[in-house]
Amino acid sequence: MSRWHRLFPFLQWPRPDAALWRGEALAGLTVGLMVIPQGVAYAAIAGMPLVTGIYAALLPALIAVLFSASPRLSVGPTALTCLLVGSSLAPLAAPGSAQWVQLAVWLALLTGLLQVVLGAARFGWLLNLVNSPVLMAFTQAAAVLIIASQLPALLGFANGAALLALQGWQPASLAFGAGALLALVAARRLRPGFPSVLALVLASAAIARATGFEAAGGAVIGALPQGLPALALPAWPGWDMLGALLLPVLVITLVSFLETASSAKVDNGRRGARWDQDQDLIGQGLAKIASGLTGAMPTSSSFSRSALNLYAGAQTGWATVFSVGVVLLALLLAMPLLHHVPLAVLAAIVVLPVWGLIQPRGFTRLWRVSRVEAAIALATAAITLLAAPRLYWGVLAGVVMALTHFLYLRLHPRIIEVGLHADGSLRDRHLWQLPPLAPRLYALRMDAALDFATAAGFERAVGEHLQAQPDTRHVMLIAHPINWIDATGAEAFGRVHEQLEQRGVHLHLVGIKLPVENVLRAAGLLGESARLHLYRTEAEALQAIGAGALADD
């Protein structure tokens with residue numbers, strides 16, 4: 001791949017013919033009709049002016065598809081990212097205020113800049129700090145909070161306080177919300193590819209207008225500005241406010257790109273291509289910057305819209321270009337059609353896809369695989385719910401717990417004494433109650449690298465055995481699993497070797513890998529010694545020990 005193709009991935013798009021144009025146009029139309037009402041609904045979750053949800057699906061989507069390595073992803077506002085924006089800004093400003101919008105724009109700019117820098121520096125591997133259980137738990141807890149935030153509008157109440165007090169209930173809003181949910185569920189089962197969301201929005205707007213829903217006090221979208229967003233830089237918020245945004249920036253960057261990863265892996269898997277996560281970081285980062293410059297919130301890849309794009313037959317990024325064209329036409333011509341859409345319908349549009357994220361069985365499956373990771377996931381979900389609206393504490397707590405568990409495992413390597421099993425394999429002698437491989441022989445295997453994290457455990461294992469079995473004359477280290485050694489590991493190996501020499505114990509190294517051998521030789525630890533022996537296989541070592549070729553002095 002040339003340098004220009006790496007910098008500008010869209011240069012690799014195929015030149016479309018008539019058949020490709022038709023397929024891409026159909027896919028783009030399908031996704032474009034879905035993203036318009038979704039964008040408005042998700043903007044409400046972020047506490048932003050509703051039209052910014054459409055802004056976020058315009059220029060950001062175009063920039064993302066031009067510079068990302070996964071051109072079939074649908075980029076724009078998503079429920080999870082918008083929830084993070086709303087929860088992060090709740091302690092800092094009033095929802096919908098000028099300061100709120102300004103801070104949301106700064107979130108978009110800063111998260112975008114961070115992603116571009118990480119991608120350009122090829123630091124995409126840092127995203128692996130969040131493991132699957134933590135992300136699953138956070139996503140499910142966030143889904144619960146998203147649904148809870150939509151319940152008042154869905155059930156016909158003005159806000160959460162009115163719902164708790166059961167005051168100000170509007171039966172007409174409940175009818176719109178419940179009817180919208182039923183219609184969406186039915187459409188999903190009967191016609192999955194049909195633009196049911198847009199059809200629902202238009203039908204509900206017509207019904208609301210005909211019945212005088214707004215005049216009777218019903219909550220509707222209201223007037224939305226037409227025309228293209230203006231490009232502008234936000235006002236400087238001050239260093240104190242910028243510092244308050246630092247933690248939300250880190251979490252939004254992490255979570256939004258993990259959203260992208262879930263879709264990108266599916267897309268690239270179907271294409272049989274390797275996922276270039278660093279290029280996608282750059283493309284998604286540029287999209288966030290474009291969103292900020294147009295006055296909108298951070299964007300991400302939508303799993304549901306990306307899946308719809310694939311389902312509709314999208315082959316290239318041209319489908320997204322058509323989708324952007326649909327959004328552009330809507331901004332210029334169709335905004336008045338959304339005026340009478342009840343907010344209860346928008347709530348239904350949010351609730352239905354988010355409901356699918358709640359999967360309690362994920363915790364039970366995880367419990368069967370790893371109880372420790374299941375406990376971390378449950379704690380992550382609980383902290384996310386309890387820390388609301390500061391949801392980022394849930395992610396951070398989960399990451400810290402997962403890394404702590406990882407470090408614990410690294411600092412406590414699996415070191416076993418092996419014995420000969422009836423099937424001919426070497427297994428844990430104490431677990432399977434096997435006899436020693438040979439008299440006065442300690443045969444151990446360490447299933448880890450020999451480095452600063454495991455060196456102490458290696459020394460302790462050998463020292464404790466020698467203390468318990470002082471008549472030991474042979475130590476056989478099965479080194480097949482040791483694929484890495486650092487300076488600390490080499491020093492520990494040297495001390496063990498010296499200790500064995502002083503006791504007159506032979507050290508047998510079996511199956512040592514070349515990178516490990518090179519380090520030990522460079523450290524002068526594999527020199528000529530009457531009590532140091534190297535073998536390729538365990539059979540060679542056992543034959544030499546059993547034949548008595550080595551003196552037990």
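Predicted model: local features only at pLDDT ≥ 70, side-chain atom pairs only at ≥ 80, totals over all residues.
Residues are numbered from 1 along each chain as its sequence is written. Local features need pLDDT of at least 70 and side-chain atom pairs count only at pLDDT 80 or more, while totals for linings use all residues.

Let's start with the pockets. On a 1 Å grid over the protein atoms alone, a pocket is an open set of points where a 1.4 Å probe fits, with protein on both sides within 12 Å along at least five of seven lines, and its lining residues have an atom within 4 Å of a point. A volume is the space filled by probe spheres set on the points.

| Largest | about 1,200 Å³ | Ser-302, Phe-303, Ser-304, Arg-305 and Leu-357 |

The lining of the largest pocket divides into 28 nonpolar, 15 polar and five charged residues. In the second largest pocket, the lining holds 23 nonpolar, ten polar and no charged residues. Here Asp, Glu, Lys and Arg count as charged, and Gly is among the polar ones. Helix H7 gives the most to the lining of the second largest pocket, with six residues. Helices are DSSP runs (H or I, at least four residues), numbered from the N terminus.

Now to the surface. Leu-228, Leu-328, Leu-329, Leu-332 and Leu-333 form a nonpolar patch with about 470 Å² of accessible area together. Areas come from the Shrake-Rupley method with a 1.4 Å probe. Leu-328 lies in helix H14 (residues 318-334).

Terms used
Heavy atoms only, no water. Helix = DSSP H or I, 4+ residues; strand = E, 2+ residues; numbered from the N terminus. Patch = residues over 30% accessible without salt bridge, like charges linked within 9 Å, V, L, I, M, F, W, Y side chains within 5 Å. Salt bridge = Lys/Arg side-chain N within 4 Å of Asp/Glu carboxyl O.
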